[in-house]
Amino acid sequence: MKILVPLKRVADPDNANKVKIPAAGDKIETTGLEWKPNPFDEYALEAALRLTENGQTPKVRAGEVVVVTFGPKETEQTLRAALATGADRAIRIDTTDDKLDGDLVARALAALIEKEKPDVVVMGKQAVDGDSNQVGQILAELLDWPMATFAATIKEEAGALVVSREVDGGVATMRVKLPAIVTVDLRIVAPTSVYSTKTAATFKYNDGVRFAALPAIMAAKKKLLVEIKLADLAADQALKVEYKAFQAPPARKAGIKVKDVTELVTRLKNEAKVL
Amino acid sequence: MADILVVAEVAEGKLKKTTHSAVTFARTASAALGGTYSILVMGDAVSDAAAEAASLGAAKVITVEDASLKIYLAERFAPTVAAIGKGFAVVVGTASAFGKDLLPRVAGRLASGYAADITEVIASGDKLTYKRPMFAGNAFGMATIATPIHVVSVRQSAFSATEPAGTSPIEKGAFTAPTGNAHGRVELLSLEQVKSERPELAEARVVVSGGRALKEKFSEVLDPLCDVLGAALGASRAACDAGYAPSDLQVGQTGKVVAPSLYFAIGISGAIQHLAGMKGSKVIVAINKDGDAPIFQVADYGLVADLFPSVPELVKQIKAVKAG
């Protein structure tokens with residue numbers, strides 16, 4: 001199975017409260033924040049690796065995992081890290097970070113997929129900077145492929161994937177025939193979330209994503225990484241959605257500390273009037 | 001042409017409450033644009049849901065019935081939504097699991113811009129700007145859409161439910177059968193709905209959420225508090241990941257976003273991604289052993305205490321207050 005995994009770098013999500021909005025309100029300032037891979041994309045990569053291996057022998061890839069990102073030269077760090085983790089090959093679509101929207105990314109990915117012909121695209125359900133949750137769905141529509149969004153588990157069958165999705169108030173389980181798009185949710189990296197046809201049903205993964213070992217980091221430098229110009233994939237680069245202004249959220253002041261349950265209940269009743 | 005199409009969410013033949021939030025958006029935005037709004041109700045048999053939708057003040061309710069729409073699959077719904085949506089300036093739904101799944105696919109089909117999970121719409125003349133949270137709610141972006149049709153999903157907790165108003169005519173709309181490959185290559189194998197007596201998280205007036213500190217006693221400790229308050233039960237990501245609470249209870253950036261009148265954070269430290277899901281709450285109460293936990297920076301009332309004796313005591317005292 002050949003899997004394409006799109007990756008995006010985002011400003012360190014654990015410090016998202018440190019993003020700043022200048023007085024002019026015309027942009028978001030992330031200076032001083034480290035770039036990290038979008039966590040959902042890391043989960044997507046882990047799911048793709050699990051789908052292309054026997055869990056017992058994770059160094060042997062059955063199939064191919066190709067990672068792709070959009071951005072300037074420095075985003076190759078994100079790709080190299082993914083190659084060290086186990087991806088086979090990488091593509092950087094050369095562009096600046098700020099000249100993109102979900103629609104343009106989806107259109108460029110669709111054009112890339114016409115060339116690469118993967119069996120599955122596994123991607124994060126959303127990037128934690130824009131929080132839009134859209135590219136996978138738009139891409140599926142452009143390709144006329146079936147999709148399974150917000151996947152919590154994936155089980156490979158011959159020519160298909162059985163995916164359980166977390167929906168409001170329950171779980172929807174679906175079968176998508178390949179080629180297909182899967183967008184992943186948090187729990188896709190739990191020990192029993194993803195099984196290829198090669199992995200025994202009794203096998204349990206470690207919780208979370210795998211990390212690259214030092215020799216793999218060295219070897220990753222030799223793996224193939226090619227650059228494609230965005231213009232070669234999308235002639236029309238007009239954005240459909242633009243952000244011309246930003247606002248800081250209203251600051252929430254810390255309240256008071258109460259000394260005991262009695263004071264809490266009294267204040268909730270008499271002061272906040274919510275009981 | 002500045003009319004708005006609301007895509008209703010239907011479950012088991014009934015209109016889901018989520019629909020009301022998209023209608024509230026449509027009421028505001030159509031008034032600003034000087035147009036009207038219509039509600040699209042789709043399924044295999046939707047007369048009950050359409051009748052409910054007809055009480056929400058729309059210019060009309062459009063029903064599309066087809067056996068293939070009995071269960072929701074984006075691949076089957078998107079062609080009809082897009083075909084009917086072509087006659088409107090804005091296609092809107094609520095950012096529930098249904099809306100988040102379907103609407104971007106509709107946007108792709110219409111080659112239209114999509115603004116996700118918006119919390120406010122601002123009209124200036126006939127131009128709409130959409131305010132939406134980004135970076136886990138640490139910034140709001142003001143999005144403008146350049147395409148003739150806008151596709152939008154609204155955050156349920158930011159648009160209060162619409163009250164009934166008048167009776168709208170109901171008319172039949174055309175079913176657009178999917179062509180191409182996608183719809184034939186996807187099937188729903190099962191849908192396990194967890195039935196709960198409690199109010200839905202996104203709609204509840206009071207939410208009680210627990211963190212990892214509750215361990216196996218998650219329900220044992222929190223259920224009585226929910227019962228006495230008529231509250232919905234929520235959980236932090238850590239509690240869900242550890243298996244103490246089912247994942248559909250997760251409140252946060254990547255789970256449910258809630259904004260109740262009263263929110264209890266019990267044994268929750270207050271990671272950024274959790275705060276993103278609850279800091280719009282009116283009154284926040286935090287109980288945590290660790291006085292330095294970040295949750296206290298957003299809590300109106302903080303109690304630094306061991307939750308295990310505190311919560312039962314809280315239940316007892318609230319019961320006493322409610323009794324009289």
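Reader: Which residue follows H3(A), and is its phi positive or negative?

Author: This is a predicted model. H3(A) is followed by A:Lys117, and the phi of A:Lys117 is positive, near 50°.

Reader: How many residues does helix H3 of chain A have, and what does it reach from its first C-alpha to its last?

Author: The helix covers residues 102-116 of chain A, which makes 15 residues. From first C-alpha to last it reaches 20 Å, close to the 21 Å expected at 1.5 Å a residue.

Reader: Is H3(A) mostly covered or mostly open?

Author: Start with the general idea. An α-helix has 3.6 residues a turn, so residues three or four places apart point the same way. Now the case here: H3(A) is mostly covered, with 12 of its 15 residues buried.

Reader: Where is A:Gln134 found, and is it buried or exposed?

Author: A:Gln134 is found in the loop between strand S6 (120-124) and helix H4 (135-143) of chain A. To call a residue buried, look for a relative accessible area under 20%. A:Gln134 has 12%, so it is buried.

Reader: Which residues does A:Gln134 touch?

Author: Not counting residues up to four places away in sequence, A:Gln134 touches A:Gly102 and A:Lys125 in chain A, and B:Pro104 and B:Tyr114 in chain B.

Reader: What is the relative accessible area of A:Thr52, and where is its place?

Author: A:Thr52 has a relative accessible area of 0%, so it is buried. Its place is in the loop between helix H1 (39-51) and strand S4 (64-71) of chain A. Leaving aside neighbours within four places in sequence, A:Thr52 is in contact with A:Met1, A:Ile3, A:Val60, A:Arg61, A:Ala62, A:Glu64 and A:Val65. The C-alpha atoms of A:Thr52 and A:Tyr195 are separated by 9.2 Å, although the two are 143 residues apart along the chain.

Reader: At what angle do helix H3 and helix H4 of chain B pack?

Author: H3 (residues 74-85) and H4 (residues 97-110) of chain B pack at about 55°, with their axes 9 Å apart. H3(B) and H4(B) are therefore oblique to each other. H3(B) passes H4(B) in a right-handed crossing.

Reader: Which residues make that contact?

Author: H3(B) contributes residues including B:Phe77, B:Ala78 and B:Val81, and H4(B) residues including B:Phe98, B:Leu102 and B:Arg105. The residues of this contact divide into 10 nonpolar, no polar and 4 charged.

Methods. Residues numbered from 1 in each chain as written. Chains lettered and ligands numbered in written order. Predicted model: local features only at pLDDT ≥ 70, side-chain atom pairs only at ≥ 80, totals over all residues. Heavy atoms only, no water. Axes fitted to C-alpha atoms, helices over the stretch in contact; angles between N-to-C directions. Helix = DSSP H or I, 4+ residues; strand = E, 2+ residues; numbered from the N terminus. Parallel < 35°, antiparallel > 145°, perpendicular 65-115°, else oblique. Left-handed = near helix turned anticlockwise from the far one by under 90°. Contact = heavy atoms within 4.5 Å. Nonpolar A, V, L, I, M, F, W, Y, C, P; charged D, E, K, R; others polar. Buried < 20%, exposed > 50% of the residue type's maximum accessible area, 1.4 Å probe, protein only. Expected span 1.5 Å × (residues − 1).
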